[in-house]
Amino acid sequence: MGLAALTACDDCLDETDYTYSISSETFYNTVEEANAAVLAPLDIMRSAYNANFFATLEINTEYCYSKGVYTNYDNYNGFVNATHVTRSAANWQNLYKAIMYCNTALAQLPKASEMTEAEIASYMGELRFIRAFNYFTLVKYWGGVPLKTEENVTTWDVPKSSKEEVYDFIIADLQYALENCPDKSRYIATPNKSAVRVCLADVYMHTGDYAEAERLAGEVVNSGAYSLVQVSSSRDFDKVFGYDLTTSTEEIFYVKTSRTDSKTWDYVSYTAHPQYEIEPGKLMLNGNGYYTHYTDLRNHIISTWDTNDFRYGLNVGFYVFGADAYGEYTCLLTKYWDPNAQGNGANVSIPLIRYPDAMLIYAEASARVAGAPTETSIEMLNQLRRRAYGHDPLVPNAELDYKLADYSTMDSFIDLLIKEETYEHFNEGKHWDFIVRLGKAQELVGKYFNVEDGSWTEIQEKHYLWKIPDEEFNYNKAMNQAVDQNPGYTTEES
């Protein structure tokens, strides 16, 4: 079934059929071929945003601890483990592969002979969103990178662009996408204008254009197109993150997985264990699961988290290993699970953008534009909090609600925002970038990471960016390891 599984549509085409059966001279002329062009990078993104990607981001945080090949990275000295360097290089490669697929189609689509101008622009809007999303990932975790576009798609040697240049390129792509993407997804998992708005709002938060971020996130929040899924137990969150999930009212941009073509998500195995029962008789992962990171019940984030908050039970509340096995305080992460999984893969969609992301951006951006927290800022956090305790998100709750008067300064509000963002984004690979952008990473990791002795942890400079793979320098002669590598990395060190 291949990529058709992404669309939940029986008559959609498998991209690989086109790749190998239609020559480049005749490809990208029809709507069906353009559809395949969009599905191709989405397929690759299942490998780009894999277990290693999510695990690396989670072990950066102040609440996660690593095992195995990740342990050295846990010391906040950057990629010092050869296996980890290899895995991050694979993420780089797959991100650029997805970008390459976008570039190839973007170069050919303007010449399409069997589509209208509006159809061509719509598909190009989707592709430019996908390209921008992947460049946004690259610039956040690698900094300045080579900008490979439809204009230089056949050029091997491409120099490194500055971080500012990459952001300018991303913004241009997303502005085009906002004008031309469909209002609603053509199929499940293909981009729409809401995905573009949230992504562009996030980009503007990183570049300091808070007014535009507020406008874009507010358009999504106030559109009525999305809503928080109500819950009455921790596992009700499976309606948002669970296995075999088609979609939910929170889903804005998820990368879909499939049992039929064995393109499932391996990250579940990184947070699981063969003996890990999420419920009596139900394992987190059926097969060869293992775990690379965990949390500790003594950690400040975990020890102060109200256990009546259903997000606690969703993420850490189900199982603690005994002292005779992994330490009496060790607790694994349980947001994602699939009782029907085989081996190390699970049919759990990858939640890249969901409605709470827009709410959190709207909350912060509205405060920054006003110069102080606003009723909107507090209401966004209250809606997340009400849902987390099993209440209607839209109905004020005197017992639960935060009050603006108690968080009237920006400092107090940002602390509250971080608290709710941590709970909401726990184990989604988003928290590290959030606290780095806020300039809070050193403060939070420094205070909360060392649970055994309470000592201060110093984050090294090279921990903030990932290593640009050596292969990029070996084959891209416009890149120079001595000047273009990220701070602190050399071939010898790695």
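This is a predicted model: local features need pLDDT of at least 70, side-chain atom pairs count only at pLDDT 80 or more; totals for chains, interfaces and linings use all residues.
View 1. Strand β5, which covers residues 293–296, runs antiparallel to β6 and is joined to it by two bridges. Within this part of the sheet, D296 is found opposite T330 of β6.

**View 2. Helix α13 and the glycine that follows it.** Helix α13 covers residues 355–370, and at 1.5 Å a residue its 16 residues should span 22 Å, which agrees with the 23 Å that separates its end C-alpha atoms. Of these 16 residues, 13 are buried, so α13 is largely enclosed by the rest of the structure. The helix is followed by G371, a residue whose phi is positive, near 80°.

View 3. Because eleven of its 14 residues are buried, α14 is largely enclosed by the rest of the structure. Among the buried residues of α14 are I378, M380, L381 and L384, and they also include R385, R386 and R387. The buried residues of this helix pack against α8 (210–221), α9 (238–241), α12 (310–315), β7, α13 and α15. Just after α14 comes G390, with a positive phi of about 85°.

**View 4. The largest pocket.** The largest pocket has a volume of about 570 Å³. It is lined by 19 residues, and those closest to its centre are W92, Y96, K148, W156 and E472. Two or more lining residues are given by each of the elements α4 (82–108) and α18 (470–475), and the largest share of the lining, eight residues, comes from α4. By type, the lining of this pocket divides into nine nonpolar, six polar and four charged residues.

**View 5. The largest cavity.** A search of the whole structure finds one cavity of 30 Å³ or more, and the volume of the largest cavity is about 450 Å³. The lining of the largest cavity consists of 27 residues, of which K140, D202, L352, D357 and K430 lie nearest its centre. The elements that give two or more residues to this lining include α3 (51–59), α7 (193–207), β7 (350–354) and α13, together with α15 (410–425) and α16 (431–437). Helix α5 provides the largest share of the lining, five residues. The lining residues of the largest cavity divide into 14 nonpolar, four polar and nine charged.

**View 6. Two loop residues with positive phi.** Although A189 is not a glycine, its phi is positive, at about 90°. This alanine lies in the loop between α6 (163–180) and α7, and A189 is buried, with a relative accessible area of 9%. S262, which is not a glycine either, has a positive phi of about 60°. The loop that holds S262 runs between β2 (251–255) and α10 (267–270), and here S262 is exposed, with a relative accessible area of 61%.

Terms used:
Residues are numbered from 1 along each chain as its sequence is written. Side-chain values use heavy atoms; hydrogens and water are left out. Two strands pair if DSSP finds at least two bridges between them. Helices (H or I, at least four residues) and strands (E, at least two) are DSSP runs, numbered from the N terminus. The expected span of a helix is 1.5 Å times one less than its number of residues. Buried means under 20% relative accessible area, exposed over 50%, partly exposed in between (1.4 Å probe, protein chains only). On a 1 Å grid over the protein atoms alone, a cavity is a set of points where a 1.4 Å probe fits but cannot get out, and a pocket is an open set with protein on both sides within 12 Å along at least five of seven lines; lining residues have an atom within 4 Å of a point. Grid points are joined across faces, edges and corners, and a volume is the space filled by probe spheres set on the points. Ala, Val, Leu, Ile, Met, Phe, Trp, Tyr, Cys and Pro count as nonpolar, Asp, Glu, Lys and Arg as charged, and the others, Gly among them, as polar. Contact means heavy atoms within 4.5 Å.
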